[in-house]
Amino acid sequence: MALFLLVVRATHAGALWRDECAVVQLAGMPSASDVLRNFQHEAFPPLFPLIVRIYAIVFGSSDTVLRIFGFGVGCLLISAFWINSSLFRSDVPLVALGLMSLNTTFFVWGTTIRGYGLGSALIVLMFGCIANLLPASNPQRNIIAMLACFLGVQVLLYNSVLLIALSASALVICPFFSIVSNMRS
């Protein structure tokens with residue numbers, strides 16, 4: 001159902017609007033250094049326009065192609081739910097998929113050529129990666145968590161506040177995991 005709703009949104013979204021055009025114009029500057037010099041007028045860190053730039057170079061920059069980008073971002077959020085589900089060794093993420101399917105705000109703003117959708121997918125991954133560190137930390141999990149956190153903050157600045165909250169929560173919960181693991185052994 002979530003994929004169906006993403007398809008409906010992508011096919012009925014219409015032409016790009018002003019802020020989306022600003023991102024596409026910024027991404028289409030002659031060089032990547034021009035993007036970095038001019039991103040301060042944009043609401044998102046420079047990684048998002050650079051991602052749009054790479055996408056536009058590879059696939060083009062028509063409205064239809066960019067709406068497919070929004071569809072892909074929605075699919076990334078669904079994938080993030082499934083990844084977290086597998087990290088927590090649980091079944092189908094029905095609650096997350098159901099809540100996403102009922103969230104019209106995501107379908108309107110998360111699939112636009114703005115950083116909100118990709119930032120949403122990355123904050124879901126950040127949560128999963130940080131929570132995955134609690135039971136047992138190893139270098140591979142640490143690197144993946146750091147990468148997810150770095151990318152999440154570089155795509156959507158507001159994720160930094162959520163990262164602080166997630167990290168503080170993990171620090172509070174961490175001693176309880178060590179107590180439980182000591183009781184089991």
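**Overall build and the setting of Thr 111**

The protein chain carries 9 positive and 6 negative side chains, with the centres of the two sets 9 Å apart; here Lys and Arg count as positive and Asp and Glu as negative, with His and the chain ends not counted, and each charge is placed at NZ of Lys, CZ of Arg, CG of Asp or CD of Glu. The model is predicted, so local features need pLDDT of at least 70 and side-chain atom pairs count only at pLDDT 80 or more, while totals for chains, interfaces and linings use all residues. Residues are numbered from 1 along each chain as its sequence is written, and side-chain values use heavy atoms, leaving out hydrogens and water.

The secondary structure comprises 10 helices and zero strands (DSSP runs, H or I of at least four residues for helices and E of at least two for strands, numbered from the N terminus). Of the 185 residues in the protein chain, 37% are buried, meaning under 20% relative accessible area with a 1.4 Å probe, protein chains only.

A closer look can be taken at one residue. Thr 111 sits in the loop between α7 (104–110) and α8 (116–133), and it counts as buried because its relative accessibility is 6%. Its side chain makes a polar contact with the side chain of Arg 9 at 3.4 Å (a pair of N or O atoms within 3.5 Å; within protein, one able to donate a hydrogen and the other to accept it, with residues adjacent in sequence counting only if both atoms are side-chain atoms). The Thr 111 side chain also reaches the backbone oxygen of Phe 107 at 2.6 Å.

Note on methods: Buried means under 20% relative accessible area, exposed over 50%, partly exposed in between (1.4 Å probe, protein chains only).
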